[in-house]
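Welcome! Take a moment to look over the chain, and then let us walk through some of its features together.

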Amino acid sequence: MTEAADYTPPEIWSWNKENGGRFANINRPIAGPTHDKALPVGRHPLQLYSLATPNGVKVTVMLEELLELGHAGAEYDAWLIRIQEGDQFGSGFVDVNPNSKIPALMDRSGPEPVRVFESGAILMHLAEKFGAFLPASGAARAECLSWLFWQMGSAPYLGGGFGHFYAYAPFKIEYAIDRFAMEVKRQLDVLDRRLADSPYLAGDDYTIADVAVWPWYGGMAKGLLYDAGNFLQVQDYTNLQRWTDAIAARPAVKRGRMVNRTFGEPSSQLHERHDAGDFMTRTQDKLEAAE
């Protein structure tokens, strides 16, 4: 492979299938389905198709928080999408999300099904549908949405930028790792400074801003992403650590992070969720919840 320092971009780019690192088998420069496969549909109004990556965890946490508040209409079926096996390129999934990324939601509670894709859009859809975790108006709403969209714009630098070059790229590039490490450190400082002045990102109340940011930046704060906690000295961000621990202790968060999870301790995994009782049911794909 050409050394990074010697590389000169060609006049016209072409797709090299052998170049892409760990996720090369699911990366391609075109959209659309690769095969015909209908999506399953369960009995609840909300049908979620996802995997417990940070983006997927946002939505399962939100749904569990809504159920914790007593919103029975937030009952949902969570179907596992195995992205390493290309499930996101099935025709049914592409119909729900033409961008072929998890999570994707079909809201079947009305006369016509409504598709919602992109995790931030799903959080807003659910918050407005149930009137929860999003201030109705004014400065509080603006602050909440500002932090929600901060996450949507910032996390690609953490994941596709730092995470890719630090953990997944086929060879290490010092410039790329240094550049994205600097940006991730800056983002952690942004959060730490905000959380020095406020218990939650949007103010005194827990909102979809916290739901969106926690899976990515709470995971990074605890060294759970890319095995990079020591490299980035995440323990130094004490306000971020306090906020991370407070959210992790919420019962709905504990449940939500288990759903569609296929890695880690078996007791932390619930491959699919179709009923609240699934958290305590052991079958081939549903494992007993950890205390």
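Helices (H or I, at least four residues) and strands (E, at least two) are DSSP runs, numbered from the N terminus. The model is a predicted one, in which local features need pLDDT of at least 70 and side-chain atom pairs count only at pLDDT 80 or more, while totals for chains, interfaces and linings use all residues. Residues are numbered from 1 along each chain as its sequence is written, and side-chain values use heavy atoms, with hydrogens and water left out.

**The sheet**

Strands of a sheet pair through backbone hydrogen bonds, either parallel or antiparallel. Here, four strands form an open sheet with mixed pairing, in the order β2-β1-β3-β4. Because β2 (76-80) and β4 have a single partner strand each, they stand at the edges, and one side of each is left without a neighbour in the sheet. From one strand to the next, the twist averages 20°. Helix α1 packs on this sheet and touches β1 (46-50) and β2; contact means heavy atoms within 4.5 Å. The direction of α1 makes about 150° with that of β1. For such angles, axes are lines fitted to C-alpha atoms, for helices over the stretch in contact, and the values run from 0 to 180 degrees between N-to-C directions.

Strands β3 (residues 104-107) and β4 run antiparallel and are joined by four bridges; two strands pair if DSSP finds at least two bridges between them. A hairpin of six residues leads from β3 to β4, and Asp 107 stands opposite Val 114 in β4.

**Residues to find**

How accessible are some of the residues? Buried means under 20% relative accessible area, exposed over 50%, and partly exposed in between (1.4 Å probe, protein chains only).

| Residue | Relative accessible area | Class |
|---|---|---|
| Arg 115 | 43% | partly exposed |
| Thr 60 | 1% | buried |
| Tyr 226 | 16% | buried |
| Asn 260 | 0% | buried |

Arg 115 belongs to strand β4 (residues 114-117). Setting aside residues up to four places away in sequence, Arg 115 touches Val 94, Asp 95, Val 96, Pro 98, Leu 105 and Met 106. Its side chain reaches the backbone oxygen of Asp 95 at 2.7 Å.

Thr 60 sits in helix α1 (residues 54-68). Beyond its neighbours within four places in sequence, Thr 60 has contacts with Leu 48, Tyr 76, Gly 256, Val 259 and Asn 260.

Most residues other than glycine have a negative phi, and most peptide bonds are trans. Asn 260, in the segment after α9 (251-256), has a positive phi of about 65° although it is not a glycine. Tyr 226, in the loop between α6 and α7 (229-232), also has a positive phi, near 65°. Ile 102 and Pro 103 are joined by a cis peptide bond, with omega about 0°. Pro 103 lies in the loop between α2 (91-96) and β3.

**A pair of helices**

At what angle do helices α6 and α8 pack? Helix α6 (residues 208-221) and helix α8 (residues 238-248) make an angle of about 115°, and their axes are 10 Å apart. Among the residues in this contact are Trp 214 and Tyr 217 of α6 and Trp 243 and Ile 247 of α8.

Terms used:
A polar contact is a pair of N or O atoms within 3.5 Å; within protein, one must be able to donate a hydrogen and the other to accept it, and residues adjacent in sequence count only if both atoms are side-chain atoms.
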